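Hi everyone, thanks for coming.

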Amino acid sequence: MVSKQAFTPARLGPLTLKNRFVKAATFEGVMPRGQVSEALVDFHEAVARGGAAMTTVAYCAVSPGGRVHRDTVVLDADRAAQLRKVTSAVHDAGALACAQIGHAGLVANTLSNRTPTLAPSTRLSAPAMGLVRGATPEQLESVVDDFGAAAARAVDAGFDAIEIHMGHGYLLSSFFSPKLNKRTDRYGGDVTRRAELARRVAEQVRRSVGENVAVTAKFNMDDGVRGGFWLTDSVPTARLLEADGHLDALQLTGGSSLQNPMYYFRGDVPMDEFIASQPRAVGLGLRVIGKRLFRSYPFEEAFFLPLARQFREQLSMPLMLLGGINRLDTAQQALAEGFEFVAMARALLRQPDLVNRFRDDVAEEGLCIHCMKCMPTVYSGTHCVLVQR
């Protein structure tokens, strides 16, 4: 029997979502040279028609240096105009649209971008393929301004919500980390100072978009790295963000694209497929260091729930549960425990209409088998390899 709560409207700041299912940000891999394609429109329209209350476009960089690589959208005025096609299609399909904005920081591939990136403190970065210098205070002022400007352009593009990327080792996440942030100025040191940049960004984004747009954050609970950001730091940081009052919800995540990416994916590592998707030199490197770079974690339904409960106990603000949600009863359990929304990624990649199937009593569980072979497809258009294209 369908959970009434899962399909009742709920408030997200100024918005009313028609149900409790949100499509989490999944890099779509269909933005060649950062241009908005019809494939990107189709990707999100399918999710909207499939029943999710809101779909999230990932990932929109706030500046050229903040891209992950050259095929990342930079949320400038030109791209905002192009993204109107996405938001219009999503709205016509009966859903709301969210733009994930961020700066890749140490995760940026500077060879692909041909643009320097930033870090809390100077260190080597494998994605950057070299040394990344610690950002100056002046550069960080520009980062804050860039987030505000990108958020305003997202509103111009018709987005209903903004998700600030504070996870996965990207720039704001790296400032949280005692392992990555060795600064001694206002942006480094104790938990409060390491949270300063993210708090300023949230304030600037809220100021830029006003009160008619929802502002959320994807927030790391645990970096999955020894000496990294963990509950003893992440729970107090979340309390600071809640007290500031600029965010309408947190989407709880974990892991690091820089140091431990499989921590937030879970499942077998598709190493052969990764090697095949890369240029020959990179593929040879993966054969040598791939097992160290990509640790294997067994898949478990709702694998972030035990960590997320620590936040639900400490916070009163709305929370979105993310991580291995493939079943209707999982969503029901999360809502019963006080989470306002559930965020789904791989399950909707496999079946964009899964939410409608839940609603119509056609299915109680998605078809995703968590093989992780979708991961290497980000280089050619993210998709489930078991679905005929």
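A quick word on the model: it is predicted, so local features need pLDDT of at least 70 and side-chain atom pairs count only at pLDDT 80 or more, while totals for chains, interfaces and linings use all residues. Residues are numbered from 1 along each chain as its sequence is written, and side-chain values use heavy atoms, with hydrogens and water left out.

Okay, the core. By nonpolar core I mean a set of buried Ala, Val, Leu, Ile, Met, Phe, Trp, Tyr and Cys residues joined through side-chain atoms within 4.5 Å. Buried is under 20% relative accessible area, exposed is over 50%, and partly exposed is in between, using a 1.4 Å probe and protein chains only. The largest core here has 96 residues, and among those touching the most other members are Phe-21, Phe-219 and Phe-311. Its largest share, 7 residues, comes from helix α4, residues 137-156. There's also a second, separate core of 16 residues, which includes Ala-25 and Leu-180.

Let's stay with α4. Helices (H or I, at least four residues) and strands (E, at least two) are DSSP runs, numbered from the N terminus. Which residues of α4 are buried? They are Leu-140, Val-143, Val-144, Phe-147, Gly-148, Ala-150, Ala-151 and Ala-154. These cover an arc of only 160° around the axis, which puts them on the same side of α4; the arc is that of the directions from the helix axis to the C-beta atoms. Why does that work? An α-helix has 3.6 residues a turn, so residues three or four places apart point the same way. On the face turned away from the buried side, α4 carries exposed Glu-138 and Asp-156.

Now the rings. Phe, Tyr and Trp rings (the six-membered one for Trp) pair if their centres lie within 6.5 Å; planes under 30 degrees apart are stacked, over 60 edge-to-face, and the rest tilted. The structure holds 13 such aromatic pairs. One is Phe-175 with Tyr-187, edge-to-face, at 6.3 Å centre to centre and 80° between the planes. Phe-175 is in helix α5 and Tyr-187 in the loop between α5 and α6, so the pair ties together parts that are 12 residues apart in sequence. Both residues of this pair, Phe-175 and Tyr-187, are buried.

Phe-219 sits in strand β10 and Phe-311 in helix α11, 92 residues apart.
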